[in-house]
Amino acid sequence: MNNRRHFIAAAAATAAAALIPLRASAAVNRVVVVGGGMAGATVAKYLRLWSNRTLDVTLVEQNPTYVSNIMSNLAVTGQVALSSLNFGYAKLVSKYGVKLVTASVTAVEPAGAGLWKVTTRTANGSVGTLHAERVVLAPGIQMDPVPETSDPTRSADILHAWIAGPQTNQLRQRLAAMAPGGTFVMSIPPKPYRCPPGPYERACVVADYLKRNKPNSRLVVLDANPGISAEPENFGYAFGTLYPSVLQYVPNAKVVSVDSPSGTVTADVTVSGVTTRQQFASNVLNVIPPHRAGAIVQLAGLANATDQPFAQVWPYSFESVAKPGLHVIGDSHRTAGTGGTGLPMAGHVGNQEAKICASAIVSLLAGKSVDTALLAANSACYSPVSSTLASWLTAVYHYEDYTDPKTLLTSRKFVIHDYVSGSTGVATEALKPSSENFSKMNTWFKSLMAESYS
Ligand SMILES: Cc1cc2nc3c(=O)[nH]c(=O)nc-3n(C[C@H](O)[C@H](O)[C@H](O)COP(=O)(O)OP(=O)(O)OC[C@H]3O[C@@H](n4cnc5c(N)ncnc54)[C@H](O)[C@@H]3O)c2cc1C
């Protein structure tokens, strides 16, 4: 049975690959990239580089400057200025010849003859149209709304600060203004969510800040997951050894609603299989809701807000399974489970996906098939756990057959390999947080951002 499923899955992948339309080379092939974040900026750059600048590449980004999510937890505590996390698009234009349109993409539709029509709208309302042989969608994520019990109009007041920008500054201001002895409550959504270690990283740096600046204050972490979902050794050490008097960790705690005026969070908390509805009072509240694909991925018909909130793609090219010609990279495609790529939502991973996608598009537009023989991706990620200490997490992912232990279905996706232990499936984490890691974190961050934006 298992073999047969394997055969069917493999046959389906082969058949789909064979169906990918190989275009006769046009004078100039055009690619439109939607979203200039970690994934979109990188794919635009590498499409130009790896096509020897023969592809016409237009990047459409709604903001004039990108604000990095990476390191933004240190902007919440005020250790770094949010402005230091800004990255512009000038180098992509001047050095690589990417065309830049500062506008929001409002529609992506088939235009016949293998072309896609991309509709754009600028901040002052001007509507434009682009046509392309292929479109790469990299819009990041959207957050599910948080039910607000007393005044739905105040739901915008509930900060996630999980898309770096104005909310990051607002959360910093609220934290700085909190009186000593106050309570900061934050919540972690169920997986999959953007940056698996990120919320634990935030919990650590906020706990560290409270310890140093706000005597007798507390941090309550409501985690919808059954336990620490990434770097359990390092964050477990930090929670239990560095912050036991400040931080209360509540696993299996799903936020149900928020009452903004009183700062009360209602959550379903499960202990030993028994679920009770509990209330948590806060002075500062930070709810990170469950995510879904960026709005344009949903508008393009590649995902929906309910049962399939992320787009399904072929992992070797990130081309949509439903709509060939459209590619989805970064945080908007399915990661885990059936039809997932196996790659988590992370900036470094988005950079890797961008290169796999750029290489595939260059091949496909040249009428060649995608070579998957040595396909792999890597990820490195440093996490500050205080103002001076950091840990890290790293993984190498190979594109290969994977049998899901729950469904017994086999598909080709990216699977983690640990070359030291020889095991598969688990990322490697630092032995312990250290100041040396903290300094290496700054080097890693600078080189990753330079890789994408310069
Ligand atoms: C606090 C925090 C810490 C993190 N730390 C790390 C880390 O240490 N390491 C790591 O690897 N990852 C980290 N991440 C995760 C990482 O930031 C994301 O996974 C990554 O940014 C995803 O890249 P993306 O290109 O998919 O989306 P984004 O980087 O969010 O970019 C999406 C872009 O698309 C644009 N856009 C959206 N819709 C449209 C539209 N319709 N038209 C035009 N433009 C549009 C947006 O303006 C944005 O610029 C962290 C995340 C957070 C929140």
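Author: His-291 is found in strand 18. Helices (H or I, at least four residues) and strands (E, at least two) are DSSP runs, numbered from the N terminus. Two ground rules come next. This is a predicted model, in which local features need pLDDT of at least 70, side-chain atom pairs count only at pLDDT 80 or more, and totals for chains, interfaces and linings use all residues. Residues are numbered from 1 along each chain as its sequence is written, and side-chain values use heavy atoms, with hydrogens and water left out.

Back to the histidine. His-291 is buried, at a relative accessible area of 5%. Buried means under 20% relative accessible area, exposed means over 50%, and partly exposed is in between (1.4 Å probe, protein chains only). Not counting residues up to four places away in sequence, His-291 touches Ile-141, Gln-142, Met-143, Asp-144, Trp-162, Pro-189, Tyr-193, Arg-194, Pro-309, Phe-310 and Met-345. Contact here means heavy atoms within 4.5 Å.

Two backbone atoms lie by polar atoms of this side chain. The backbone nitrogen of Arg-194 is 3.1 Å from a polar atom of the His-291 side chain. The backbone oxygen of Pro-289 is 3.0 Å from a polar atom of that side chain. The term polar contact has its own rule: a pair of N or O atoms within 3.5 Å; within protein, one must be able to donate a hydrogen and the other to accept it, and residues adjacent in sequence count only if both atoms are side-chain atoms.

Now the two parts. The domain assignment gives domain 1 (2-142 + 291-371) and domain 2 (145-287). Such bounds come from an automatic or database domain assignment. Taken over C-alpha atoms, the two centres are 31 Å apart.

Interface size is often quoted as the accessible area lost when the parts come together. Here domain 1 and domain 2 bury about 1,800 Å² between them, with 63% of it on carbon and sulfur atoms. Buried area is the accessible area (1.4 Å probe) that two parts lose on being put together, summed over both.

Polar links come next. Across this interface the rule finds seven residue pairs in polar contact, both residues at pLDDT 80 or more.

Then the charges. Side chains of opposite charge can pair when their charged atoms come close. The rule finds one salt bridge across the interface of domain 1 and domain 2. A salt bridge is a side-chain nitrogen of Lys or Arg within 4 Å of a carboxyl oxygen of Asp or Glu. The side chains of Arg-194 and Asp-331 meet in a salt bridge at 2.6 Å, N to O. This pair links distant parts of the chain: Arg-194 sits in the loop between strand 11 and helix 6, Asp-331 in the loop between strand 21 (326-328) and helix 9 (347-365), 137 residues apart. Arg-194 is buried, with a relative accessible area of 12%. Asp-331 is buried too, at 9%.

Most residues other than glycine have a negative phi, and most peptide bonds are trans. A cis peptide bond joins Lys-191 and Pro-192, with omega about 0°. Pro-192 lies in the loop between strand 11 (183-188) and helix 6 (198-213). Cys-195 lies in the loop between strand 11 and helix 6 as well. Its phi is near 60°, a positive value in a residue other than glycine.

Follow the chain into helix 6. The side chains of Asp-208 and Arg-212 meet in a salt bridge at 3.1 Å, N to O. They are four residues apart in helix 6, so about one helical turn separates them. Asp-208 counts as buried at 9% relative accessibility, whereas Arg-212 is partly exposed at 48%.
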